[in-house]
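Please open the structure in your viewer and keep the selection tool at hand.

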Amino acid sequence: MKAEFLQAKARENPKWVARAFHATLVDFGYSITQEKVVEFIQHWQEGLTPKGGPEMFVHNWLKEGIEEA
């Protein structure tokens, strides 16, 4: 998915994007809530620097998009 698409969706409906990102982060082994992922998206929208871990993934996905296999 292209970054522009994810960014537009994150602005329009952050919970929709968070649901998809949350599932991927859980698959990666992170113990995280969907609400926390929404918070990470809000941090990205506010221009805050990610603190690492799952927040870095969310930030990078929104910034660079996600490659489709």
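Select Lys 9 and Glu 12, which form a salt bridge whose closest N and O atoms are 3.6 Å apart; a salt bridge is a side-chain nitrogen of Lys or Arg within 4 Å of a carboxyl oxygen of Asp or Glu. The model is predicted: local features need pLDDT of at least 70 and side-chain atom pairs count only at pLDDT 80 or more, while totals for chains, interfaces and linings use all residues. Residues are numbered from 1 along each chain as its sequence is written, and side-chain values use heavy atoms, leaving out hydrogens and water.

Both Lys 9 and Glu 12 belong to helix H1 (residues 3–12), three residues apart, about one turn of the helix. Helices here are DSSP runs (H or I, at least four residues), numbered from the N terminus. Lys 9 is partly exposed at 24% relative accessibility, whereas Glu 12 is exposed at 60%. Buried means under 20% relative accessible area, exposed over 50%, and partly exposed in between (1.4 Å probe, protein chains only).

How many salt bridges does a search of the whole structure find? The search finds two. For the other selection, take Lys 36 and Glu 39, whose side chains meet in a salt bridge (2.9 Å, N to O). Both residues lie in helix H3, three residues apart. Lys 36 is partly exposed at 33%, and Glu 39 is partly exposed at 29%.

Next, select H2 together with H3. Residues of H2 including Phe 21 and Leu 25 meet Gln 34, Val 37, Val 38 and Ile 41 of H3, contact meaning heavy atoms within 4.5 Å.

How values were computed
Helix = DSSP H or I, 4+ residues; strand = E, 2+ residues; numbered from the N terminus.
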